[in-house]
Amino acid sequence: MANIAFFGLGAMGAPIANNLASEGHHLAVFDTNPQACSRISGPHVRIGNNPADTAQGCDFVITLLPTSSEVKQVICGPEGAIRASTKNTVFIDMSTGSLADFMELHAAITAQEMSLIDSPIARGPEYAAARQNLFLVGGEESEIDRIYPILAPICEEVVHCGEAGSALKTKIINNYLASVSVVANAEALALASAVGLNRDFLRNLWKRTVAGRGSLETIFPNKAFIGDFTPGFSARLARKDLYLAQELGEKFGVPMTTGTAAIEMFTLQQTKGRIDDDWSALLDILQDMSKKS
């Protein structure tokens, strides 16, 4: 069994820490909210007085905190965990924070012959409790091999995304896509309700269209991913339909801000002379722009 220090016992951290404890690991925990520590139980659980005290004698240090600044404070602060760590200690940061801050911390930790692995979590607290989370991990194969026996029993899958920072990149972009989808769906459903359409009818209908099935499963693999930009559905038609939705939104008092942004992007496609290409050609345009920046 491993000696693990765990920092951050909130809605996500508490069930993960409890799962680690139930596996028989020796767990030292610390949280700025002392009451949070009472959520963790087990015969080998110890409550630390500060981060350094908590990390004393631990081979693995896990942080699951709201922001990068808190991670840095816990690890490198005046009473930081790194002060009690030794060569070959493995830090596992499960937080979703700034990539720049993570890479700066990664450089500082690896300079001391320790490891820092980014391991943000791709599912919510209810999955954590049921051991059904996905742990995204970034680092060298040898580093992942060391943490795999710790993480694998308490999740559905450990997904190696690549080098250090790659898991955090994956999580940030995943959450971007999910968040934008939530906003777009909320706008569409609100507009549907405003014009008198039945929500359940639409939800079942959308399961059979691109709207519900998603462009990642339909349009992009069959068009942009294979370099086919002949219009299955052109950007011109997509923008026209967005204007129609905007018109409905204005009439019924529903803000359609995601649609406004989408119109701007298809207008960008027009400025590139490709408004009559497939709407997925926007990906090709954006990739070309990123190469030139």
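**Entry on the model.** I note at the start that this is a predicted model, and I keep that in mind for everything I write down here.

**Entry on helix H8.** I looked up helix H8, which covers residues 166-194, and found that H8 has 29 residues and reaches 42 Å from its first C-alpha to its last, close to the 42 Å expected at 1.5 Å a residue. I then asked which residues of H8 are buried. They are Ser166, Ala167, Leu168, Lys171, Glu187, Leu191 and Ala192. Just after H8 I came to Gly196, which takes a positive phi of about 90 degrees.

**Entry on helix H12.** I went on to helix H12, residues 235-252, where I noted 18 residues and a reach of 26 Å from the first C-alpha to the last, close to the 26 Å expected at 1.5 Å a residue. Its buried residues are Ala235, Ala238, Arg239, Gln246 and Gly249. They lie on the same side of H12, because they cover an arc of only 95 degrees around the axis. On the other side of H12 I found Glu247 and Lys251, which are exposed. What do the buried residues of H12 pack against? I found that they pack against helix H8 and against helix H13, residues 257-271. Just after H12 there is Gly253, for which I wrote down a positive phi of about 75 degrees.

Asn88 is found in the loop between helix H4 (68-76) and strand S5 (90-93), and its relative accessible area of 46% makes it partly exposed. I also stopped at Glu113, which is not a glycine and yet has a positive phi of about 60 degrees. Glu113 lies in the loop between helix H5 (99-110) and strand S6 (115-118), and with a relative accessible area of 48% Glu113 is partly exposed.

**Entry on Met94.** Is Met94 buried or exposed? Met94 counts as buried, because its relative accessibility is 1%, and buried means under 20%. I placed Met94 in the loop between S5 and H5. Leaving aside its neighbours within four places in sequence, I listed its contacts as Ile16, Ile62, Thr63, Leu64, Ser119, Pro120, Ile121, Phe135 and Leu151. I also looked at Met94 together with Leu136, and these two are 42 residues apart in sequence and 8.7 Å apart in space, C-alpha to C-alpha.

**Entry on salt bridges.** I noted as background that side chains of opposite charge can pair when their charged atoms come close. How many salt bridges does a search of the whole structure find? The search finds 11, and I followed some of them up.

The side chains of Arg236 and Asp276 meet in a salt bridge at 2.7 Å, N to O. Arg236 lies in helix H12 and Asp276 in the loop between H13 and helix H14 (281-292), so the pair ties together parts that are 40 residues apart in sequence. Arg236 is partly exposed at 38% relative accessibility, and Asp276 is partly exposed at 42%.

Lys223 and Asp228 also meet through their side chains, at 3.2 Å, N to O. Here I found Lys223 buried, at 13% relative accessibility, whereas Asp228 is partly exposed, with a relative accessible area of 25%.

A further salt bridge, at 2.7 Å, N to O, joins the side chains of Lys240 and Asp241. Lys240 is partly exposed at 42% relative accessibility, and Asp241 is partly exposed at 33%. I also recorded that Arg274, Asp277 and Asp284 are linked in a network of salt bridges.

Last, I asked which residues make a nonpolar surface patch of about 640 Å². They are Tyr176, Leu177, Val180, Leu216, Phe225 and Ile226. I looked up Leu216 separately and found it in the loop between helix H10 (210-213) and helix H11 (219-222). Leu216 counts as partly exposed, at 48% relative accessibility.

How values were computed. Residues are numbered from 1 along each chain as its sequence is written. This is a predicted model: local features need pLDDT of at least 70, side-chain atom pairs count only at pLDDT 80 or more; totals for chains, interfaces and linings use all residues. Side-chain values use heavy atoms; hydrogens and water are left out. Patches are made of residues with over 30% relative accessible area and no salt bridge: like charges are joined within 9 Å, nonpolar side chains (Val, Leu, Ile, Met, Phe, Trp, Tyr) within 5 Å. Accessible areas come from the Shrake-Rupley method with a 1.4 Å probe; for residues, only the protein chains shown count as cover. A salt bridge is a side-chain nitrogen of Lys or Arg within 4 Å of a carboxyl oxygen of Asp or Glu. Helices (H or I, at least four residues) and strands (E, at least two) are DSSP runs, numbered from the N terminus. Buried means under 20% relative accessible area, exposed over 50%, partly exposed in between (1.4 Å probe, protein chains only). The expected span of a helix is 1.5 Å times one less than its number of residues. The arc is that of the directions from the helix axis to the C-beta atoms. Contact means heavy atoms within 4.5 Å.
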